[in-house]
Amino acid sequence: MSDWGWHSYPNKLNLTEAETLKSFDFGHGHEEVYAVEYKAGRADERNVAATNYFRTNPHRLNLGLVGLEFTDGKNLMPLDSISNIHQYLDLSQGTIFSQYNVLNHSVNVTTFAAQDKDAIEAEVTSLLLSEGKARVSLKFAYPSGKHSDDGQDWTKPELHKTELVKQGQSFAVLKRTIDASTYYVKVDWDGYAHIEKEANHHFAIIPEQAQLCFRVAYSADMPKDEDYVYKADMRTNKKKWSKYWDEGAAVDFSQCTDPRAKEIERRVVLSQYLTAIQTCGSMPPQESGLTYNTWFGRPHLEMAWWHMMPYALYGHTKEFKRMLDWYNTAADKSFEIAKRQNFKGLRWMKMTDPWFGESPSNVGSFLIWQQPHYIYMAEEVFRADSIASHGTSKEALQKYAANVEATAEFMADFAHFDSSRNEYVLKGCTAMQESMSKDMSLNQPFELAYWRYGLEVAQKWRTRIGKARNKHWDEVINGLPQSLPTFKDLGLSDDTQIYSAGEANVKVDSTWLLKQRSDHPAVLGACGLLPKQPFWNAEQMNKTYDWVMKHWNWLTTWGWDYGMMAMTAARLGRAEDAINNLLVGTQKNTYLVNGHNYQDDRLRIYLPGNASLLIAVSMMSAGWDGTTTVNPGWPKDGKWNVRWEGLQKMQ
């Protein structure tokens, strides 16, 4: 899969995005129009069809399978004919080494991904090659368009084309045509081999010696002719990986005597590798990276903070900037969406396509916690560049200031002044804690904290470029509730010591109370993810943390919640609790042997969880604004001598 390979099914019914829209009145004084999910049996057939079409399209393409096929001379060998398997991944050079036996012959394979193009490369050594019993197989499927799968439908060969359009002595070019989408697959090889068409959408590279080095490269445009030297690409691969590890930050647990340190280090190192190969592309990634599609492969902007922050904190600012630049290209569409909803500024939606087309959703369309992400991330670039240049980064201000301001303009306009309360409120939105929907709650705690943070930082950006503070923004900052909502606000008790998941829009009953302690414990994020703000205090947040740990419905959590809780515990000075949060033994906090954060059978990998771990460990080690001690988030009991280099301090 790639960031550029996308497909849409033909729009045979001429459906329009307008047919996914629905008007709401959330009390902001004007109509708000959102893209929603119309359900069968409860809406017009065209609205339902439009929902399904624009949720499914465009979807990320599976660009094709590359593998080895073994035969006994006539028939394909089954999987159980492979024995004595020894395989390992060298993280330092991004290379997999495999050794196994087939038909009493050894097979040795070295595999890596090219660093300067979208390509996979391999070296295969076996007598089976020269005997005609092994070959490289290229297979291509029609896209499945499903919510969660590998993106391949093998039952529709008539709906796509795979053509051999060019070939030479040591290369071949295939053209793929899938409805209106086209791309190219170029195969180069070292040594003696030739290409054969085995069937529709199935080609094979037939070697004529016992060793074959080859590269399979995918591209949106017709590839150029160029010489292929496997060893040169291998050297480039090693050099790039060496640079990644050497220039990035490192956290060393080798001097720690606590037996839990080894597992944390395993997760950290593998997460650094996995985020590098899965998420540092040209746009915010999907939650399952490039392994398989979830949510049709769409970028998830609510997850962008998690996906991108490790690059800022671990010294990979270039990768961080590349994804933030994508936001700038999406700004025009964001202005259109805000205008459609009758708000000023630009609105960053939750689930988009590469061109910021909106995906209809009854949840995602109403989320707002991703809105201040742009401001937070622009601030991270400004901080990093200013440190590097030993002064104010004029480049960052020039590049991001306009969209920081436009992002804040929406935030200030979205906050509604309630004259009966004499304050601004956040309503008509679903919380980070999605169980607290737009219909059940308002003034959710993380959103209140993030709104204040975003507007205040945007004011700093105005002064940095020579503008006066925006008076209306200050009115909103000062006019939002002066404290987070509490249990007492829910009418549950006189207990003002526990912060709640928000104010209630409906009667507080057993269903509401169950939702109060389900999904993301976002109330802790108001402390853990953001700089300290004056409208919550440590005593109440400590009591809230204890209540969450005792009463939360852990089956409903997600992988990044555990890093968020650790960050909260660290900021509250509860270092031992922070470690316990990182290692709590729940299903959603499972880290597989390959380092991936497992959620369930649908989400077998979940990269926001890996990113959350990295951010928490960085924060616990390098600290956050205002900290001066070494390793403020680790216990000072002599067992946690964590050493690190190159980490950036958290805001």
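**Aromatic rings up close**

Modeller: Happy to. This is a predicted model, in which local features need pLDDT of at least 70 and side-chain atom pairs count only at pLDDT 80 or more, while totals for chains, interfaces and linings use all residues. Residues are numbered from 1 along each chain as its sequence is written, and side-chain values use heavy atoms, with hydrogens and water left out.

Let's begin with Phe112, which is buried, at a relative accessible area of 3% (buried means under 20%, exposed over 50%, partly exposed in between, with a 1.4 Å probe and protein chains only). A search of the whole structure finds 43 aromatic pairs (rings of Phe, Tyr and Trp, the last by its six-membered ring, pair if their centres lie within 6.5 Å; planes under 30 degrees apart count as stacked, over 60 as edge-to-face and the rest as tilted). One of them joins Phe112 and Tyr230 in a tilted arrangement, 5.8 Å centre to centre with 50° between the planes. Phe112 belongs to strand E8 (residues 105–113) and Tyr230 to helix H3 (residues 230–247), so this pair ties together parts 118 residues apart in sequence (helices, H or I, of at least four residues and strands, E, of at least two are DSSP runs, numbered from the N terminus). Tyr230 is buried too, at 4% relative accessibility.

Now for the charges. Arg452 lies over the face of Phe535, 4.2 Å from the ring centre (the test asks for NZ of Lys or CZ of Arg within 6 Å of the ring centre and within 35 degrees of the ring normal). Likewise, the charged end of Arg462 sits over the ring of Trp473, at 5.6 Å from its centre.
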